Amino acid sequence: FLSHFLQAKMSRQVQARRLEGIDKNIWVEFGKLAAAYSKVNLGMGFPDFPAPDFLTEAFTRALGGGNHMLHQYTRAFGHPPLVKVLSQFFEKLLGRDLDPMTNVMVTVGAYQALFCCFQALVDEGDEVIIIEPFFDCYEPMVKMAGGTPVFVPLRPNPPKDRKLMSSADWQLDPAELASKFSERTKAIVLNSPNNPLGKVFSREELGLIAELCVKHDVLCISDEVYEWLVYDGKQHIRIATLQGMWDRTVSIGSAGKTFSATGWKVGWVVGPDRLLQHLRTVHQNSVYLCATIAQEAVAQGFQRELLLYGKPESYFVQLPKELQQKRDWLVQSLDGVGMKPIIPEGTYFLVADISQFKSDVPDVPNSDEPYDYRFTKWMIKNKGLAAIPLSAFFSEAHKNNYTNFIRFCFAKEEATLKAASDILQKWKLEKTS
């Protein structure tokens, strides 16, 4: 009896049904490949340059400054100095008074902020509109909450003068967008500046979304983690500032992207208390609170930026200038070898058209893997250069329409970008010889 008891295995299904079909993850798969084969990794969306000195010095001060309470729990919904300075900062940006205790919540990165939004606001049977291409976690997070994702793509409209395409050339069809709203629609997810395209939605485009949200009484989950990384004099417009939108919008931000410290995992949500009270319920029953010392250091970073707001020495002014130069360098390198870059208006990312490289990658008979996946894996293994296939950012229904593009990250040291350029130049020479 005992041996039978010891050998008995569970026959019932172990995993919850809500996990079915969402177990695969692009970052796990391509992270392993890049670690094994790549000499230059432009796939993953993190800087390989240091966070600013003022921020790391603030962390060091917090760590060894004698305030032993910074090693203990802080307030569950956000370290008081951080929510206070975030409310002061976003009062300027949103043009309204904010209560740090009810209008701001600190999360474990923007990722957990998104998770809280979907878990708190989306119910079984609710539809959530997602604009494609989209950051890949939106779809599984909606499904885990019991919701149904409804996709609407940005469609490319290439310029007729043979110039390089811009991310602004990818646009929503107003009638198509309007057709996705119904009585079942609970929310729309907006990501501006958009990862992976780098598109910065215009006031007109945001106005269209806002009008439909108000008309159909729909919430807006606005992922604005790249809010400071906007180029060529473009302006990031916050949809929560448009008429009728404050009461129905949660705006998500990230210290990781704002201060080039992605490993600190400090994010936040700003919005009306009527929405945030439900996010707080999810937060207190999942992570409960975030690392105190990281929050203290980010608070000091924002206090500095509040004093320097709009001035040339502000990090929020300097960083996009530096990144725009890096973007332009990568645009030139890719264009020079025949990968047609789509010039991003914002973010860390640049999408390139690989149509001219089809002859380089061997066909795989009977493969149902999209071409951009095969191309990217081949490039990592054979050229040592890592990127991410664009079709990973589309739904199953639309994936096959966008298999001629890959995404690069240009938030890298000059030496990293030069190494990438050298690989591309060598590849070009091999093609022409």
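Biologist: Where does aspartate 232 lie?

Modeller: Aspartate 232 is in the loop between strand E8 (219–223) and strand E9 (249–254). Strands here are DSSP runs of E, at least two residues, and helices are runs of H or I, at least four, numbered from the N terminus. One caution: this is a predicted model, where local features need pLDDT of at least 70, side-chain atom pairs count only at pLDDT 80 or more, and totals for chains, interfaces and linings use all residues. Residues are numbered from 1 along each chain as its sequence is written, and side-chain values use heavy atoms, with hydrogens and water left out.

Biologist: What is phi of aspartate 232 near?

Modeller: Near 55°, a positive value in a residue other than glycine. Aspartate 232 is partly exposed, at 46% relative accessibility. Buried would be under 20% relative accessible area and exposed over 50%, with partly exposed in between (1.4 Å probe, protein chains only).

Biologist: Which side chain meets aspartate 232 in a salt bridge?

Modeller: That of arginine 327, at 2.8 Å, N to O. The rule wants a side-chain nitrogen of Lys or Arg within 4 Å of a carboxyl oxygen of Asp or Glu.

Biologist: New topic. What domains does the assignment give?

Modeller: Domain 1 is 22–50 + 315–432, and domain 2 is 53–308. Such bounds come from an automatic or database domain assignment.

Biologist: What area is buried between domain 1 and domain 2?

Modeller: About 3500 Å², and carbon and sulfur atoms give 63% of that. Buried area is the accessible area (1.4 Å probe) that two parts lose on being put together, summed over both.

Biologist: How many salt bridges cross that interface?

Modeller: The rule finds two across the interface of domain 1 and domain 2.

Biologist: Switching to leucine 424. Buried or exposed?

Modeller: Leucine 424 counts as buried because its relative accessible area is 2%. Helix H15 (residues 414–432) holds leucine 424. Leaving aside neighbours within four places in sequence, leucine 424 contacts Ser333, Leu334, Val337, Met339 and Leu385.

Biologist: Last one. Is the peptide bond from serine 192 to proline 193 cis or trans?

Modeller: Cis, with omega near -10°. Proline 193 sits in the loop between strand E7 (185–191) and helix H8 (203–216). The bond from asparagine 195 to proline 196 is cis too, with omega near 25°.

Notes. Contact means heavy atoms within 4.5 Å.
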